Amino acid sequence: MAARQITFEPDDRYHAFLTVCRKAPHGDGKLTSVAIAVKDNISTQGIETTCASKILKGYIPPYDAHAVTLLKGAGAAIAGKTNMDEFGMGTTTENSAYGPTLNPCDPARVPGGSSGGSAAAVAAGMVRMALGTDTGGSIRCPAAFCGIIGLKPTYGRVSRYGLIAYANSLEQIGPMARTVSDVSLLMSVIAGHDRRDSTSYDRPYTHMPSAEIRGLKIGIPQEYFGAGVDPKVAGVVRKAIGRLEELGATTLPCNIPSMEYALAAYYVTCTSEASSNLARFDGVRYGPAADTKKPWHDAFREVRRAGFGTEIRRRIMLGTFALSSGYYGKYYAKAQVARENVRKDFARILDNVDVICGPTMPTIAFRFGEKSDPLSMYLSDILTVPVNLAGIPAISVPCGKVDGMPVGLQVMGRPFEDERVIDTAFAYEQAVKG
Amino acid sequence: MVTEKDVVHIADLADIGIDAAELGTFTGQFNAILEYFDILDRVHGDGTIVRDLHNVMREDEAEPSLPQEEVLANAGADEDGFIKAPRVM
Amino acid sequence: MTGGEIIVGLEVHCQLDTKSKLFCGCSTDYRDDGPNTHVCPICLGLPGSMPVLNRRAIEYAIRVAKALDCTVIQESEFSRKNYFYPDLDKAYQITQYDKPLAEGGYLEIEGDDGRERRVQLTRIHVEEDPGRLVHMGNAERGRYSLVDYNRAGIPLIEIVTEPDMRSPKEARRFLNKLRATLEYLAVFDSEKEGSLRVDANISIKGSERVEIKNITSYKGVEKALTFEVTRQKNLIRRGHAVNRETRHFLEARGITQSARSKEQEHDYRYFPEPDLRPLHVQSWVPDITLPELPDARRERFMAQYGCSLNHARTLTGDLRLANFFETVVAGDPKGLSSLAATWTADTLIGELNYRDVSLDALDAASFSALLTLLKNGTITDKSGIEVLRVMLDQRLRGEPADTPNAIVDRMGVRKITATLHPAHKSIPSGNVPDPVTAAISDVLKEQQKAVEDYRGGKKEAFNFLVGQVMKKTRGCADPAELNRLLAEELKKET
């Protein structure tokens with residue numbers, strides 16, 4: 001069979017890409033010749049995969065992630081690997097070891113993170129679709145900041161095989177695009193069981209988005225419109241929810257008491273898992289080589305000092321501490337209890353309503369360097385992390401502007417009702433297209 | 001409250017390499033974050049995680065391994081088919 | 001002054017004999033192949049790879065749990081044990097920590113007092129083997145390590161005992177019994193190099209406990225513990241404290257040595273493995289049919305073949321030996337069992353050990369043929385040993401193996417007897433004397449003094465005369481018959 005390929009030569013003024021595949025081969029299928037950008041923490045055979053870290057510079061995976069295999073099977077062309085916060089740790093893509101990505105809506109502002117490169121590539125029109133990953137909001141945040149659509153699927157609906165792990169119990173690969181239909185199309189390719197991922201479910205996605213939402217019951221959590229949220233952003237999102245009501249949906253106020261400690265539970269869990277996941281980067285089997293003339297621990301420490309950015313080292317230390325003898329009960333064990341409470345809160349609310357709506361992010365995209373204090377950076381994840389803790393699906397769809405910058409409406413749903421979440425976003429999108 | 005000494009100990013445990021210059025800032029930030037985590041002390045519940053998936057297993061069948069060259073391809077150094085590493089003795 | 005009671009506990013790691021590794025499909029048959037040829041993204045620890053559990057490994061582990069009377073836990077799960085070492089591809093080992101596969105159980109062994117006693121078990125769990133490190137270089141060229149990940153991910157079963165053993169010998173007997181049991185269950189192959197590793201904990205009552213890590217041979221365990229008993233007792237005798245510590249066993253020198261302190265301070269930061277799901281396998285237990293185990297086989301050997309307790313213990317203490325024995329006697333159990341028991345347990349094992357070869361060196365049919373010759377009185381016991389040695393040496397040297405009969409004839413050791421001699425049968429008049437009678441006749445003529453001594457009451461003279469006749473017949477006379485005939489001859493002259 002003759003090799004077919006597309007030529008991909010984007011004008012990447014926003015530094016969305018770390019690797020560009022100028023001649024991208026492709027086959028046939030639902031996505032024939034569609035150029036798709038893949039976040040650089042997803043393994044691509046023969047294409048350098050760095051997680052935007054120095055510690056994986058030069059690493060060429062000998063295998064494809066399952067999602068990538070499925071993309072290729074659908075005829076897609078892998079256009080390149082996109083920039084991100086190092087190992088997924090960040091909310092702005094400023095933590096990339098290879099320089100930040102700029103927000104196409106305003107290059108003085110961050111594109112969001114950690115899938116900032118994928119969001120910028122889509123927002124700037126360089127590609128039609130992209131794969132991102134979402135551990136605590138890393139698809140939804142950049143989608144909101146860049147004014148595109150991004151879906152975090154139900155946990156376990158998309159295989160994580162080949163996704164370089166940051167926090168195994170929280171993350172998912174998900175689709176990002178400029179239209180809900182494209183997000184839905186991409187989801188139909190990547191969702192489904194993979195026997196190589198023991199946490200994956202046999203729940204393929206074959207849905208065509210429907211704009212019919214009459215009778216839909218929407219929960220409005222007070223915590224999503226409270227003190228930490230910019231009133232202008234809250235206002236735009238309330239208007240968008242009003243639009244949904246005009247389409248026949250009804251709203252109901254609700255409470256998520258566990259929101260109080262959800263962020264703490266998230267950061268304890270993800271840093272703990274990360275501290276373990278990132279311990280394998282020792283320069284022996286891959287990555288810049290360890291100095292074999294030194295004794296093991298010295299060489300190992302040197303590789304990590306040189307290869308990991310500051311935020312990575314901070315999170316590894318936090319996670320090491322949270323798991324350490326004497327502290328496991330106070331931190332990690334407690335975080336799992338907290339997490340289960342979050343899941344129960346959402347399950348309880350979603351017994352009475354079909355979806356939950358609120359802003360994706362508490363503010364519009366920050367300026368570069370605005371969030372210099374780590375804790376204040378973590379706090380901006382407050383509206384996205386509960387979804388990951390509960391394992392439920394959530395989408396961000398653009399719903400207006402504040403100070404010229406996009407604002408995202410977040411729709412959250414029951415486990416395995418990604419279809420309903422997409423329909424809600426689709427209904428809104430079609431209504432305002434007019 | 002963790003002290004700089006505690007932070008050095010954690011960095012040792014994690015073999016993470018932290019400079020003396022960074023130590024002060026790190027410790028301050030660490031403490032702020034840990035203080036935020038203290039909210040978890042107020043959490044109640046028995047924490048049994050409901051897992052609906054269990055006994056996920058595969059059959060005992062041998063599948064092809066990677067060719068030796070591919071195993072060594074990303075390694076920093078190799079010798080006679082082995083991967084070279086810093087000494088552990 | 002402490003009572004001096006020795007307290008020993010063991011943690012035994014055995015490789016399970018599955019076709020593929022615990023969490024990936026790489027073949028476990030790596031021993032004859034080059035380094036890093038049985039490796040895939042999963043057992044190499046490539047970023048993004050994920051483990052998938054091998055069902056057969058769990059089945060095997062439950063088989064062991066059932067055989068050792070353990071309780072399989074309702075929900076068990078895997079955990080990560082985090083530490084940094086180049087042979088650990090993911091920088092964590094997937095093991096089981098607070099929710100192991102099974103708890104409790106016991107194994108019965110022969111105690112130092114000769115009576116059967118139980119060694120209680122604490123738990124059984126499943127985990128993966130790390131890779132293999134080879135240390136290279138020297139002070140001038142610089143030292144470094146070489147890593148082979150072929151072994152990384154091989155399934156291990158870890159059996160932890162209570163501190164129930166009271167001597168290094170009991171520990172060795174425990175290991176032998178455990179090894180035999182696992183082989184009977186067909187989950188373990190003890191012939192595979194490195195398939196068993198032991199960590200031993202030992203203390204003298206009243207003093208601190210010492211851990212000896214990573215002993216890789218059965219004999220090594222007894223040696224290491226014996227050394228420790230002496231070392232600790234010496235310390236106590238001199239009024240020093242025994243330090244609670246981890247030590248390594250240096251097999252070549254037969255000593256234990258303190259491990260470097262960094263290894264002793266490990267905080268493994270265990271947490272549940274997020275890429276795997278819990279096991280609910282308690283319901284598998286009733287469906288598992290256990291084969292005949294060593295103790296039952298021992299009882300059966302005593303009942304069915306009339307073996308003594310000691311012989312039965314020895315024969316059933318090794319699966320291959322037990323199978324060998326039953327094959328050898330199969331054709332003629334009534335006639336051969338007693339002989340086979342003695343000759344296998346007492347003689348053959350010794351000859352095999354001396355040559356450092358396994359039971360594979362000899363086929364059951366040939367051994368059976370040899371035993372038949374002995375049963376029929378065709379050769380003496382002494383000759384039988386000579387023939388056996390020839391049989392083993394031929395096979396050891398790769399020479400064509402003669403039948404026992406052929407060897408007997410070539411060596412000329414077919415037993416000579418008065419009653420059995422062919423000449424005796426075919427000459428009705430008996431004019432030509434058989435070699436035995438002839439030899440007796442000659443000796444009595446030649447050894448007049450001894451004959452007189454015997455008649456004078458010196459009983460030892462009889463033995464001397466027996467010896468002289470044996471010499472003349474080159475050891476081929478049947479001893480019982482020779483004694484009888486000589487006594488008769490000596491009586492005649494009186």
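Two residues are taken to be in contact if their C-beta atoms, placed from the backbone, lie within 7 Å. What follows describes a predicted model, in which local features need pLDDT of at least 70 and side-chain atom pairs count only at pLDDT 80 or more, while totals for chains, interfaces and linings use all residues. Residues are numbered from 1 along each chain as its sequence is written, and chains are lettered from A and ligands numbered from 1 in the order in which they are written.

To start with chain C and its partner, 38 residues of chain C are in contact with 29 residues of chain B. Strand 2 (53-54), helix 1 (55-67), strand 9 (132-138) and strand 10 (142-148) of chain C each give two or more residues to the side that touches chain B. Helices here are DSSP runs of H or I with at least four residues, strands are runs of E with at least two, and both are numbered from the N terminus. Strand 10 of chain C gives the most to that side, with six residues. Sorted by class, the side of chain C that touches chain B has 19 nonpolar, twelve polar and seven charged residues. For this count Ala, Val, Leu, Ile, Met, Phe, Trp, Tyr, Cys and Pro are nonpolar, Asp, Glu, Lys and Arg are charged, and the others, Gly among them, are polar.

There is also strand pairing across the two chains. Strand 1 (residues 57-58) of chain B runs parallel to strand 2 of chain C, joined by two bridges; strands pair if DSSP finds at least two bridges between them. In this pairing B:M57 sits opposite C:L53.

Chain B also touches chain A, where 48 residues of chain A are in contact with 36 residues of chain B. Helix 6 (259-277), helix 7 (296-307), helix 8 (310-323), helix 9 (329-352) and helix 10 (374-379) of chain A each supply at least two residues of the side facing chain B. Helix 9 of chain A gives the most, with nine residues. That side of chain A has 26 nonpolar, nine polar and 13 charged residues.

As for chain A itself, it holds twelve helices and 13 strands. Its C-alpha trace spans about 70 × 60 × 45 Å along the principal axes.

The largest nonpolar core has 296 residues, and A:I36, A:M176, A:A265, C:A61, C:V64 and C:A200 have the most contacts inside it. Such a core is a set of buried Ala, Val, Leu, Ile, Met, Phe, Trp, Tyr and Cys residues joined through C-beta atoms within 7 Å. Helix 6 of chain A brings the largest share of this core, ten residues. Neighbours within four places in sequence aside, C:A61 is in contact with C:L101, C:I124, C:V126 and C:I157.

Back in chain C, strand 4 (residues 79-82) pairs antiparallel with strand 16 (residues 271-272) over two bridges, with C:R80 opposite C:F271. Strand 4 of chain C is also joined to strand 5 (residues 92-95) of chain C by four antiparallel bridges, and there C:K81 stands opposite C:Q93.

How values were computed. A residue is buried if 20 or more other C-beta atoms lie within 10 Å of its own, exposed if 12 or fewer, and partly exposed in between; C-beta atoms are placed from the backbone.
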